[in-house]
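I opened a notebook page for this model and wrote down what I looked up. The entries follow in the order I made them.

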Amino acid sequence: MSELVLAGGRVIDETGERVGDVRIVDGLIAEVGPRLSASAGALVLDSEGCVVAPGLVDIHVHFREPGREDAETIETGARAAALGGCTAVVCMPNTEPPLDDAAVVQAVLERGRRAACAVHVAACITKGRHGTELAPMGELYDLGVRMFTDDGDCVADARVMRGAFEYLGALAGSVLAQHAEDPALVHGGHMHEGAWSARLGIPGRPAEAESSIVGRDLALAKLTGGRYHVMHVSSGQTVELVRAAKAAGVRVTAECTPQHLVLTDGACAEFDPVFKMNPPLREQHDVDALRAGLTDGTIDAVATDHAPHAPETKASPFEEAPAGMLGVETGLAVVLSTLVEPGVVSIGAALGALSWRPARISGLDAYGHGGPVSIGRPANLCVIDPTLRWVVDAHRLASRATNSPWHEWKLTGKVRHTLLDGLPTVRDGELNQ
Amino acid sequence: MKHLLAVDDLAELDTSGPVATSLRTGIESMLDLTASFVEVTQRDIPKVPALRGKTVVSLFYEDSTRTRLSFEAAAKRLGADTMTFSVATSSVNKGESLLDTVQTIEAMGVHAIVVRHSAAGAPHRVASWTSASVVNAGDGRHEHPTQALLDAFTLRRHRGPSLDGCRVAIVGDIANSRVARSNVVALRALGCDLTLVGPPTLMPSRIDGWPVAVSYDLDDVLADVDVVYLLRIQLERIDANGADVRFPTLREYSARWGLTAPRAARLKPDTLVMHPGPMNRGVEIAAEVADSVRSLVTEQVANGVAVRMAVLWSLVGSGGPVV
Amino acid sequence: MHARDDAANTKRPGTDDPGPMGEGHVASGAPVVLRTRVFDADDLRRALTRIAHEIVERNHGAANVVLVGLYTRGVALSRRLAVAIESFEGVAVPVGALDVSFYRDDIGLRPVVPLGPTEVPDVSGKVVVLVDDVLFTGRTARAALDALLELGRPRAVQLAVLVDRGHRELPLRADFVGKNLPTRAVEDVRVRLREVDVGNDGVELWGPPEGAS
């Protein structure tokens, strides 16, 4: 029998906040209460002044395996996730080969079994992500996949999207997730189409490229009764559409990234491709609309879209560099520093967006993630020091890549411990090897 | 001023007196400097040893013989040594990244790198990888600062040292034109009144904040302007895959926005015509207009060398202590 | 070529030329005060008159002579010399102006800015008299020689200066000198000309305050 005690913290989960230590026995939560005394031989992890919460669940990461292991592997990505407080992640299927086939999905899940967090996957909607023929979603569902997306690309054909909605009606608990960027409208664009792109001479991607697809998809979701999830919302127009659709009873959820809650297209002014991503960083009024959406529940979850790229690929001119930013290790700290500390969002709401709500959207609650810190549940937890100040060094993150837009940012809040099934993957701020 | 990546950088030009207090004084200082170099280019021996022992490298990822030769002539007339990496002559290895190429050049010891690239911001990247001074010779649709300088220099030679209130119409594919972006900044700083003219599909999508007027009707604008600045329709910048949604045909473009002979006849007698070259005769400008006495096109080209000498001198020669 | 009203000649009225080759400047930047007025306006005029006579005498007339002044004060002096020569010899000597900025040996070590347009008449086969206000290290004269010889092939080059203050760093000497003025390196020779500076003509010696070394 192994025992571990998290001592000195306060517990925050979906039921609320209470001061209490947490005792974990054989990987399950055994007791929660103030000033618990540890048994002899128990491992005590100092959690003084910290928040003890369900482990974070990042439902949108790219771990690049198979195919682009020069940028990241499941092992290195999971380590970064654990340092970021995650006990589970959902990997996107735009690998090489893509996750549109049972054998590849099985291989990835197998690799993930030994990783520092639980590794789940989203699988493709269409074969090869070409957007024309449906992938064998039933087979992949049987392997445990619940989220289907062609992420990286948009399913632009309305007929294909309708078919996917209808087909998934037979697969309980599944959700259709869209990377909403109309390919015809974003073609040739590399940043948000706005005053900055006009000044810099870089062709842009208008916000309408996202909202027009979301509007259409919401109509199809309503038509078919399907479940729809909007990934990385970037524009206020989209927030409004989602808000109205929820009010009308459409089964829709939405996520956005930390960077879209903080940064704007002005970050591209020096032509540094670290700030290039799809969908692009947009304007201040979009940032404000996303924050309002997070506050009123229109945006359910914060997911980082962790997108590592081999450093030499990002060391090129803006228009030629690949799009995407690192995020899984810094996501929580960025949210705490930019939204919680200034009082825009409460820490409970932030944790909800980072942990239990994405767990429910992705079906990972069934695997013991995101749930309340209560007796009998698996100990998938993170311990956060909300006042620790630290400076991000892009070259010293656990990811293989270094393309973090937060390099040299001074953040407040850091993960002290992360427990996966009761075992520490992160201890005192460091990976537990 | 360490690099010239955009016209705005001239606001930091150290004229050895007080640092330029504004973009306008920085531009004017550079233009005054250019006059000294025009004189040098007119001598029997059109050369001074000002940059002897310095090396200037041309890094041209876009084919442009004229601009490249203009920069190389400028460097040589200052007594500098030159090296050329040009995609046209295949000495730029297409498999080699920009970073690798710059690091190779760095290792050879250079003082200035002149960069032309089809992607905006490429010179900015180069500047972050080298201790040499970087000159932007055209980056994508972003800027072409030395073009704006030679245009302003040429214009001042005809309209006097003050361009306050000079009415300039810039006509054509503004959205895709680095020449337009640089000229808007430079000519506005010098006091010109600017109007951008062209079809709506060729205007930048968001022009709020630009210190310009916009018109889609060339005829409306022509009667009052002092200068018509024509841009080349950039056939190589359109998306080869998509439908051309900029305008239906070149004939239609030319009919509505070209400086045809009848239109030129309606200009004021002293209105000048400018073009960055090379010209699509019969498209944005009628052949007879291009060759008319109003046209400053050949002068623009001639002044290019002196302007680039002034720029190289400012970056490499007259600066502060060598680190 | 004749002297003409030239705005560039008054580009920086009242200021001293910058730089180590700019004669008359203290390298260290230590504070200096006026110690002696070496020439007043009359002394300066007499010295220039004498130099004008010497130039004509040495060259057996003014027929083949071209005066080339070095920016900034040398240009003004060269024009005054031309006026003087015309008054007693009846010959209009061509006058040019030379900017040596691009020939300096300290380019890259300090900011260098061209001082004015170089406009030198045809010098082939002529005797060119370079004119400057102060001869100090000799580096300006060396640069002027290089600049001039790229503009043409004179028969001979001579050098006329208002003040020779010693401290040569190169093997050069002046042919015509208004005043030999031994100075210490910490001192500063300042020539005032009404074309360029505010106030009367003169030559002043500036140095560290009394009591300082």
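This is a predicted model: local features need pLDDT of at least 70, side-chain atom pairs count only at pLDDT 80 or more; totals for chains, interfaces and linings use all residues.

Residues are numbered from 1 along each chain as its sequence is written, and chains are lettered from A and ligands numbered from 1 in the order in which they are written.

**Entry 1: positive phi in chain A**

I looked up A:Arg64, where phi is near 60°, a positive value in a residue other than glycine. I placed A:Arg64 in the loop between β8 (56–61) and α1 (74–83) of chain A; helices (H or I, at least four residues) and strands (E, at least two) are DSSP runs, numbered from the N terminus. Is A:Arg64 buried or exposed? A:Arg64 counts as buried because 27 other C-beta atoms lie within 10 Å.

I then turned to A:Asp26, which is not a glycine but has a positive phi of about 50°. A:Asp26 lies in the loop between β4 and β5 of chain A. A:Asp26 counts as exposed because it has 12 C-beta neighbours inside 10 Å.

**Entry 2: the hairpin around A:Asp26**

I noted that β4(A) and β5(A) form a hairpin with two residues between them, and that A:Asp26 is in the turn. Strand β4 (residues 21–25) and strand β5 (residues 28–33) of chain A pair in the antiparallel sense over five bridges; two strands pair if DSSP finds at least two bridges between them. A:Ile24 stands opposite A:Ile29 in β5(A).

**Entry 3: cis peptide bonds**

I found a cis peptide bond from B:Gly277 to B:Pro278, with omega near -10°. B:Pro278 sits in the loop between β9 (272–274) and α10 (287–290) of chain B. In chain C, a cis peptide bond joins C:Tyr71 and C:Thr72, with omega about 5°. C:Thr72 is in the loop between β2 and α2 (73–89) of chain C.

**Entry 4: chains in contact**

Which chains share the most contacts? Of the two pairs of chains in contact, I recorded chains A and B as sharing the most; two residues are in contact if their C-beta atoms, placed from the backbone, lie within 7 Å. Chain A gives 19 residues and chain B gives 23 residues to their contact. Helix α6 (residues 195–200) of chain A supplies the largest share of the chain A side, three residues. By class, that side of chain A has eight nonpolar, six polar and five charged residues; Ala, Val, Leu, Ile, Met, Phe, Trp, Tyr, Cys and Pro count as nonpolar, Asp, Glu, Lys and Arg as charged, and the others, Gly among them, as polar. Chain A and chain C do not touch, and their nearest C-alpha atoms are 28 Å apart.

**Entry 5: domains of chain B**

I took the bounds from an automatic or database domain assignment, which divides chain B into domain 1 (7–143 + 302–317) and domain 2 (145–296). Their C-alpha centres lie 25 Å apart. In this contact, 21 residues of domain 1 of chain B meet 18 residues of domain 2 of chain B. On the domain 1 side, α1(B) gives the most, with six residues.

**Entry 6: nonpolar core**

A nonpolar core is a set of buried Ala, Val, Leu, Ile, Met, Phe, Trp, Tyr and Cys residues joined through C-beta atoms within 7 Å. The largest one has 299 residues, and B:Ile113 is one of the members that touch the most others. The largest share of this core, 11 residues, comes from α11(B). Not counting residues up to four places away in sequence, B:Ile113 touches residues including B:Val57, B:Leu59 and B:Val134.

**Entry 7: chain C and confidence**

I counted three helices and eight strands in chain C. Buried residues make up 46% of its 213 residues. Chain C averages a pLDDT of 86; pLDDT is the predictor's confidence in each residue, from 0 to 100. Over residues 1–25 of chain C, pLDDT stays under 50. The model scores ipTM 0.89 and pTM 0.87.

Technical notes. A residue is buried if 20 or more other C-beta atoms lie within 10 Å of its own, exposed if 12 or fewer, and partly exposed in between; C-beta atoms are placed from the backbone.
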